[in-house]
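Open the model in your viewer and keep the selection panel at hand.

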Amino acid sequence: MLIVIDKYIFEVKHNINEISKTTSINYDKQNTITKPVYTHLGGFEDEIGFEATILLNDISEFIGFEDLIKIGRPLDISSFDLAQNKQIFITKLTQTVSHFVKTELNGVTYYTKKLQISGFIIE
């Protein structure tokens with residue numbers, strides 16, 4: 001497994017190409033006539049993000065994931081050394097379905113669903 005969020009497991013079979021973590025240091029920039037002045041406000045923010053491609057036969061494993069995110073509470077996350085036993089506050093979930101095919105009686109289905117997830121790590 002590569003990433004675990006709450007009870008949902010994202011594995012190698014979900015075609016995760018990369019997991020990114022961005023650390024932002026809290027600075028305030030004030031422009032002056034001569035040059036900008038930077039003031040360190042203390043602390044930092046860690047943001048993590050990844051994209052997974054779920055095949056049609058694995059989509060049932062993620063039923064309820066969107067509803068869980070909509071609750072808007074921190075969720076447990078583990079992913080290598082980027083977020084070991086931490087919590088994530090998911091700020092963005094983008095879902096895309098693709099690889100459409102016509103099926104019997106002119107119905108249309110899709111084979112993959114992409115999930116792009118990003119959020120802030122909470123200590």
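Start with β6 and β7: the two strands run antiparallel and are joined by 15 bridges. This is a predicted model. Select residues 83-103 for β6 and 107-122 for β7.

Next, select residues 75-79, which form strand β5. β5 pairs with β6, again in the antiparallel sense, over four bridges. Show D76 here and look across to Q87, its bridge partner in β6.

Now step to the turn. The hairpin of β5 and β6 has three residues between the strands. What phi does F80 take there? It is positive, near 45 degrees.

Last stop: the largest pocket. Its volume is about 180 Å³. To display the lining, select I54, I59, F62, I63, G64, F65, E66, D67, L93, Q95, K113 and L115. Colour these residues by type: seven are nonpolar, two polar and three charged.

Which elements supply at least two residues each to this lining? They are α1, β6 and β7. α1 gives the largest share of the lining, three residues.

Terms used. Residues are numbered from 1 along each chain as its sequence is written. This is a predicted model: local features need pLDDT of at least 70, side-chain atom pairs count only at pLDDT 80 or more; totals for chains, interfaces and linings use all residues. Side-chain values use heavy atoms; hydrogens and water are left out. On a 1 Å grid over the protein atoms alone, a cavity is a set of points where a 1.4 Å probe fits but cannot get out, and a pocket is an open set with protein on both sides within 12 Å along at least five of seven lines; lining residues have an atom within 4 Å of a point. Grid points are joined across faces, edges and corners, and a volume is the space filled by probe spheres set on the points. Ala, Val, Leu, Ile, Met, Phe, Trp, Tyr, Cys and Pro count as nonpolar, Asp, Glu, Lys and Arg as charged, and the others, Gly among them, as polar. Two strands pair if DSSP finds at least two bridges between them.
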